[in-house]
Amino acid sequence: MPSPPRHVLITGGSRGIGLSIAQAFAAQNYRCTLISRSEAALQTAISSLTPPSTSAHRYIPGSISSPSFWTTTNFKESGLDKGDPESRIDVLVNCAGITQSRLFTTTPEDEIRQIVDTNLTGLMLGTRFLLRNKYLHSTRRMRGEEATGFTPSVVNVASLLGVSGGYGAVAYAASKAGVLGFTRALAGEYVGHGVRVNAIVPGYVESDMTKDLNTAQLQDRIPLKRFGRPEEIAHAALFLAENHELETASQNLCEKTDANMFQKMRVAAESIVRRRESAW
Ligand SMILES: NC(=O)c1ccc[n+]([C@@H]2O[C@H](COP(=O)([O-])OP(=O)(O)OC[C@H]3O[C@@H](n4cnc5c(N)ncnc54)[C@H](OP(=O)(O)O)[C@@H]3O)[C@@H](O)[C@H]2O)c1
């Protein structure tokens, strides 16, 4: 009997990297649930997704940093009912994020809080909610998934600034370093539960977030001499979701890797995709 389409939930799925990730997963027959604050942007995003069919995709509008967003009532109203097998999430991609461009001492308290609340606290609250309420959990034995090797996973979108720092982005860098710590710790806690936790660590990527940066100056410091493209991060997310060997926290550096290494990663992701296509 063919397995039902897998289900991916993507925070920040309305545009930029998150939307590209949604498009990549939808093209591989995943059902997508997208989250962002703008309902209009979510509707446009959903309409850009390929089959299984647009009716299979959903969205939940709201702010991930608000504790009242992560409730079973809110999820039920959006069609994701706790305990319903159809609401089970196979892959969670934590991609929603905001940035800043301001020196640390001039950054207002509100802005520091908003950055940490969105990029780190919201990400943790959401992940905890989904694990605690068993939207995201391993049912390998129940569904015989051991045969296919697929295990549910969390993919966190961190940032290279969380590793190397960044001028004018102290709170942002701190929040993303927190995402990496969270990834490692949760991976350790959940490895025995059959849920994998990984992180992607992109350098600069073309999106609304980077459109006002001095591109020419920054590109000069990048080995590839260009910003990454959202679809390249989407390849990495798909690779992490589908490669069940990646049991522990894993960082995939996009900007600092040389072209050859990044190419290898794309090839690996693509070969997994092909293997899956041929299996179906
Ligand atoms: N672009 C880069 O160079 C780069 C590099 C490294 C890492 N990243 C990370 O990649 C992720 C995506 O970035 P991007 O470049 O695609 O940025 P983007 O184009 O600005 O998209 C950000 C997404 O997050 C959503 N979002 C923001 N705050 C939210 C909140 N409180 N609740 C729910 N959704 C929220 C936005 O939708 P709404 O505004 O409608 O809520 C949007 O969908 C972020 O975590 C970012 O830190 C980006």
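## Basis and overall architecture

Residues are numbered from 1 along each chain as its sequence is written. Because the model is predicted, local features require a pLDDT of at least 70 and side-chain atom pairs count only at pLDDT 80 or more, whereas totals for chains, interfaces and linings use all residues.

The chain contains 10 helices and 7 strands; helices (H or I, at least four residues) and strands (E, at least two) are DSSP runs, numbered from the N terminus. Of its 280 residues, 41% count as buried. A residue is termed buried if 20 or more other C-beta atoms lie within 10 Å of its own, exposed if 12 or fewer, and partly exposed in between, with C-beta atoms placed from the backbone. Among contacts in the chain with a separation of 6 or more, 70% are accounted for by residues 24 or more positions apart. Two residues are in contact if their C-beta atoms, placed from the backbone, lie within 7 Å.

The mean pLDDT of the chain is 85, and 80% of its residues reach 70 or more; pLDDT is the predictor's confidence in each residue, from 0 to 100. Over residues 141-147 the pLDDT is below 50, and this stretch has 3 contacts in the model beyond near neighbours in sequence. Residues 248-280 also have a pLDDT below 50, with 53 contacts beyond near neighbours in sequence. Where pLDDT is low, the predicted coordinates should not be read in detail.

Strand E1 (residues 7-11) is mostly covered, with 5 of its 5 residues buried. On one side of E1 lie His 7, Leu 9 and Thr 11, and on the other Val 8 and Ile 10; both faces are covered. Strand E2 (31-36) is largely enclosed by the rest of the structure, because 6 of its 6 residues are buried. From E2, Arg 31, Thr 33 and Ile 35 point one way, while Cys 32, Leu 34 and Ser 36 point the other way, and all are buried.

The strand pairings below rest on DSSP finding at least two bridges between two strands.

| Strand pair | Sense | Bridges |
|---|---|---|
| E1 and E2 | parallel | 5 bridges |
| E1 and E4 (residues 91-94) | parallel | 4 bridges |
| E2 and E3 (residues 58-61) | parallel | 4 bridges |

Individual bridge partners locate these pairings. On the E4 side, Thr 11 stands opposite Asn 94. In E3, Tyr 59 is the bridge partner of Leu 34. E1, helix H1 and E2 together make a right-handed β-α-β unit; a crossover is right-handed if, with the strands pointing away from the viewer, the path from the first strand over the helix to the second runs clockwise.

## Ligand surroundings

There are 30 residues around the ligand, of which Gly 12, Gly 16, Arg 37, Gly 97 and Ser 207 come nearest. A residue is near a molecule if its C-beta atom, placed from the backbone, lies within 6 Å of it. Helix H1 (16-27) and strand E2 each supply at least two residues of this shell, and H1 gives the most, with 3 residues.

By class, the shell has 12 nonpolar, 15 polar and 3 charged residues. Here Ala, Val, Leu, Ile, Met, Phe, Trp, Tyr, Cys and Pro count as nonpolar, Asp, Glu, Lys and Arg as charged, and the others, Gly among them, as polar.

## Individual residues

Val 179 lies in helix H7 (residues 170-190) and is buried, with 21 other C-beta atoms within 10 Å. Leaving aside residues up to four places away in sequence, Val 179 touches Asn 119, Leu 120, Leu 123, Asn 156, Ala 158, Gly 162 and Ala 199. The C-alpha atoms of Val 179 and Asn 119 are separated by 7.7 Å, although these residues are 60 residues apart along the chain.

Most residues other than glycine have a negative phi. Lys 134, which is not a glycine, has a positive phi of about 60°. Lys 134 lies in the loop between helix H4 (109-132) and helix H5 (140-143), and is partly exposed, with 14 other C-beta atoms within 10 Å. Lys 225 likewise has a positive phi of about 60°. Lys 225 is found in the loop between helix H8 (215-219) and helix H9 (230-242), and is exposed, with 9 other C-beta atoms within 10 Å.
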